[in-house]
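The exercises below ask you to read a fold step by step, with the sequence and the coordinates side by side. Try each task before you turn to its solution.

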Amino acid sequence: MNNKNLYLIVLMFLGFMLYTQWQKDYAPTVEVAQQDTSFATVDTDFENNIPTTSTPSDDDIPQPLNSNTHNDIQVVTANNTSTNIIATVDTPLLKLQFSDQGAALVYAELKAYPLEKKNKEEHVVLMDYRDNRFKIDAGLVSDNIKFTHNDIYQTNASAVAVNSQVTEVVFTHQKPEGVLVKTYTIDPQSYAIKVTQTLTNNTNQTWNVSEYQQLMRNNPWLGNSPSFTDAGKYSFKGMGYFDAENGYETRSFDDLKDETTSVKLAADNWVAMVQHYFFAGVIPTTDQAQVVAKYRPNSTHPYLAQILTNNKPVPAGAVVDFDSTWYVGPKLQKELPAIAKGLDLTVDYGVFTAISKPLFWVLEKIHSFVGNWGWSIVLLTVLIKLLFFKLSEAQYKSMARMRKLQPRITILKERYKEDKQKFNQEMMGLYKKEKVNPLGGCLPILIQIPVFIALYWVLLESVELRQAPFMLWIQDLSSPDPYFILPAINAAAMIMTQRLSPTPGMDPMQAKIMKFMPIAFSVMFAFFQSGLVLYWAVNSVLSLAQQWFITKRIEAQDDQV
């Protein structure tokens, strides 16, 4: 097997993986439920940024979770909803907005991530109440009293700038029986928000209280048809949950439509809504919890992921805190494990995670020294070539010896052009006589293929490389090469490699197809992220250099014999 076959195999394998993922995430179902928003009447004052809505809510309010039983979350009819922005918080990293209903987080803008490289003023908006994209809220429930996400809260902090010091933003809701104060502790240098629900019991009874938190969103990708080379097309979108005992599990949007998920979680639990590069997650502090995820077709936020903790006593006259953490931001693999165990698993490398994670670790270590993701990719490619140097050497030695036999094989082909079976017999006899194994290069290539595909997913999924510059004309490794120089370099290396590679027994049609491969790859790579094409171009050039060196060395050795 020669280097041309490597490209063909990798292309076919990559195509198969992408097609499989596409079928999983985007293939049409027999019946697709469309989001029904006909009942909603929204009047938005964009100048004041304060919309109102008269939409009836069907959000779920759970019953308290008994630590000794596995409760099903019950639906309770909720009050009418409104989205009045009563607090805006600006940090160097985030712009957050909270509504009066439930003190819910309904807007999250990621200020460090421009929507487009060329426009620094428009940022990625993960949550936006104006299109019902996404929100997080929370509440407390017991058999005696409920403080739900439908309650109306008040705050004195309508506009808060968090520039240098950790700041608390406080919301309050009062009932005759007690008071719930929600405190959001915001670090200017973090995407993690500490959430404390402080409950005061003004009655003469003990309450056994469960804390619930929920992420609700729509599916903005429904009905969209991104291009084959769109990096976000193949990234997982849906709900994920984790505990230390069972690990990380996911449910795509289609999965949530098909059935309700109800799972009891052990220690180190959390739940998240995940998309390409970014996610929002809720991390309780209790050792046990129940997560429920479902699809509600008549809601403005049809996809619900809710987590409910075990009962906690709140004695008469007492004040008790319920602590948790919300994360709203990018999938930064270096920072996420410090926030919660397993949170970095939201970076979904699929079946190649066991290879992709070490590759990204090495890539990140290189970046810590060179400070440039483009050069990090180049150096990682060199390291991979060194790692497989001996395997590649065996492959190229086999190819060089086959190249030496090419004239004699051509004579055999002409002699037995009317008898293909005889030609194959004579050719295999020649290989045996000259001690050449025509399959000698297969094993090295097969071993390398998983590494190539794993690195593809690293470059596809790592937000650290999003809009990262390289040098000269490559100023965004997550976008295609604007001048197609890298695809051209890769094509030139492939063409030169073809000239070094023997093609014994290949019929004219196969030969034409192989000659067309550099052009096909160039066209395909013209639309792929330049970071991925950079890897392929460097790999092709290094492979060409290694093959040329080994071929010349073997030819020189044979000339001396």
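**Exercise 1.** How many of the residues of strand β19 (residues 289-295) are buried? Then place the strand among its partners.

*Solution.* Keep in mind that this is a predicted model. Begin with accessibility, where buried means under 20% relative accessible area: seven of the seven residues of β19 are buried, so the strand is mostly covered. Next, sort the side chains by direction: Ala289, Val291, Ala293 and Tyr295 point one way, while Gln290, Val292 and Lys294 point the other way, and all are buried. Finally, look at the pairing, in which strand β16 (residues 261-265) runs antiparallel to β19 and is joined to β19 by five bridges, with Val291 as the bridge partner of Val263. Strand β20 (residues 303-309) is also antiparallel to β19, through seven bridges, and there Tyr303 stands opposite Tyr295.

**Exercise 2.** What span does helix α5 (residues 373-387) reach, and which of its residues are buried?

*Solution.* From first to last C-alpha, the 15 residues of α5 reach 21 Å, close to the 21 Å expected at 1.5 Å a residue. Its buried residues include Trp373, Ile377, Val378, Leu380 and Ile384, and also Lys385. At the helix start, a side-chain oxygen of Asn372 comes to within 2.8 Å of the backbone nitrogen of Gly374.

Key: Residues are numbered from 1 along each chain as its sequence is written. This is a predicted model: local features need pLDDT of at least 70, side-chain atom pairs count only at pLDDT 80 or more; totals for chains, interfaces and linings use all residues. Side-chain values use heavy atoms; hydrogens and water are left out. Buried means under 20% relative accessible area, exposed over 50%, partly exposed in between (1.4 Å probe, protein chains only). Helices (H or I, at least four residues) and strands (E, at least two) are DSSP runs, numbered from the N terminus. Two strands pair if DSSP finds at least two bridges between them. The expected span of a helix is 1.5 Å times one less than its number of residues. A polar contact is a pair of N or O atoms within 3.5 Å; within protein, one must be able to donate a hydrogen and the other to accept it, and residues adjacent in sequence count only if both atoms are side-chain atoms.
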